[in-house]
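Subject: Structure handover

Hello,

Here is the structure I promised. Please open it alongside this email, and my notes follow below.

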Amino acid sequence: MYFYIFVWKTISFFCSLPLVIILPRQSIMRQILTYLLLCLASICYGQFAIVNDKDSLLNVREDGTTNSKIIDRLQNGHLIYCFEDKGNWTNIDYTKNSKELNGYIYKDRCKFISSFPALEVSKKTDISVTLKKDTLQVIISQSNFDKRRHTFEYVKDYPTQIELIDNKQYWGMDGGMPRTQFENVIIKTGQKTITLPKSALAGLYEPSIDSAEVYYDKLTDTFYIQTMNSDGAGSYLVIWKVEKGVYKDRLIAYGF
């Protein structure tokens, strides 16, 4: 876990530095660093998963022991973020009823998102990325942030630091003004087009669309779309779940 945090913070720091003369475009440097981040993250503990229990209802415990207090129960398919193992247990973050929660589950009661078949990148531009597999296609796009369309609440003792945007928590900048935002996430399956609602993208700024990964579970007709975002202290990961053509949920991992 700590190695993962170190890698993420180190690369985020270098991404935020001004470019010298070595590379002609800052976007090239960020693409390279994003690729390195993906490679390094793949060997680390932290990753998204879903609950996958034979009893369809998974106990979440306060600590990683069988005698520990049961603090919650999660249905199969619930999005979780897995950290380090503690013996036969895995520490997880998850959300439920709009609350951010943490606990331990038995480590074989979840399925990593990366174990599902992946869509491959088929097209990239400065503002969008397209991933495709057979008749499945996902398009993720970004746009400039327009502060005139939003309201801001500032930290009382630090009037230049933004605490809330549109009266809600936001991700991607550690108190600063966002520069970019997710514009659209669109899924195409044959003749059908699904666009994620604006609520699914709300509060998510400084997207790194080059890091996009899409996985598809054919058995449940579910798309899992994830990205690693921001280039500084506001770093975060997000995953969206779309099941049978309907947007279900998102999970944000941050605070590394």
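I begin with K124, which is partly exposed at 44% relative accessibility. Bear in mind throughout that this is a predicted model.

Salt bridges

K124 has a partner. D210 forms a salt bridge with K124, and their closest N and O atoms are 3.8 Å apart. The two residues come from distant parts of the chain, 86 residues apart. K124 is in strand β8 (residues 120-124). D210 is in the loop between α3 (198-201) and β15 (213-217). D210 counts as partly exposed, at 22% relative accessibility.

How many salt bridges are there by the count used here? The count comes to ten. On the general principle, side chains of opposite charge can pair when their charged atoms come close.

Another of the salt bridges joins D72 and K96, with 2.7 Å between the closest N and O atoms. D72 sits in strand β3 (residues 70-75) and K96 in strand β5, so this pair ties together parts that lie 24 residues apart in sequence. Are the two partners buried or partly exposed? D72 counts as buried, because its relative accessibility is 14% and the cut-off for buried is under 20%. K96 counts as partly exposed, at 27%.

R179 and E206 form a salt bridge too, their closest N and O atoms being 2.9 Å apart. R179 is in the loop between β12 (158-165) and β13 (180-189). E206 is in the loop between α3 and β15. The pair therefore ties together parts 27 residues apart in sequence. R179 is partly exposed, with a relative accessible area of 42%. E206 counts as buried, at 7% relative accessibility.

Cysteines

How many disulfides does the model contain? The count is zero. C82 is in no disulfide, and the nearest cysteine sulfur, in C110, is 4.1 Å away. C82 counts as buried, at 1% relative accessibility. C110 is buried as well, with a relative accessible area of 13%.

The second largest pocket

Now for some empty space. Rolling a probe the size of a water molecule over the atoms shows where such space is left. The second largest pocket has a volume of about 490 Å³. It is lined by 18 residues, and those closest to its centre are T95, S98, E100, R250 and I252.

Which strand gives the most to this lining? That is β18, with six residues. β5 (89-96), β6 (99-106) and β18 (246-254) each supply at least two lining residues. By class, the lining of the second largest pocket has eight nonpolar, five polar and five charged residues.

Where to look

- C82 and C110, for two cysteines with sulfurs 4.1 Å apart.
- T95, S98, E100, R250 and I252, for the centre of the second largest pocket.

Best wishes

Technical notes. Residues are numbered from 1 along each chain as its sequence is written. This is a predicted model: local features need pLDDT of at least 70, side-chain atom pairs count only at pLDDT 80 or more; totals for chains, interfaces and linings use all residues. Side-chain values use heavy atoms; hydrogens and water are left out. On a 1 Å grid over the protein atoms alone, a cavity is a set of points where a 1.4 Å probe fits but cannot get out, and a pocket is an open set with protein on both sides within 12 Å along at least five of seven lines; lining residues have an atom within 4 Å of a point. Grid points are joined across faces, edges and corners, and a volume is the space filled by probe spheres set on the points. Helices (H or I, at least four residues) and strands (E, at least two) are DSSP runs, numbered from the N terminus. Ala, Val, Leu, Ile, Met, Phe, Trp, Tyr, Cys and Pro count as nonpolar, Asp, Glu, Lys and Arg as charged, and the others, Gly among them, as polar. A disulfide is a pair of cysteine sulfur atoms within 2.5 Å. Buried means under 20% relative accessible area, exposed over 50%, partly exposed in between (1.4 Å probe, protein chains only). A salt bridge is a side-chain nitrogen of Lys or Arg within 4 Å of a carboxyl oxygen of Asp or Glu.
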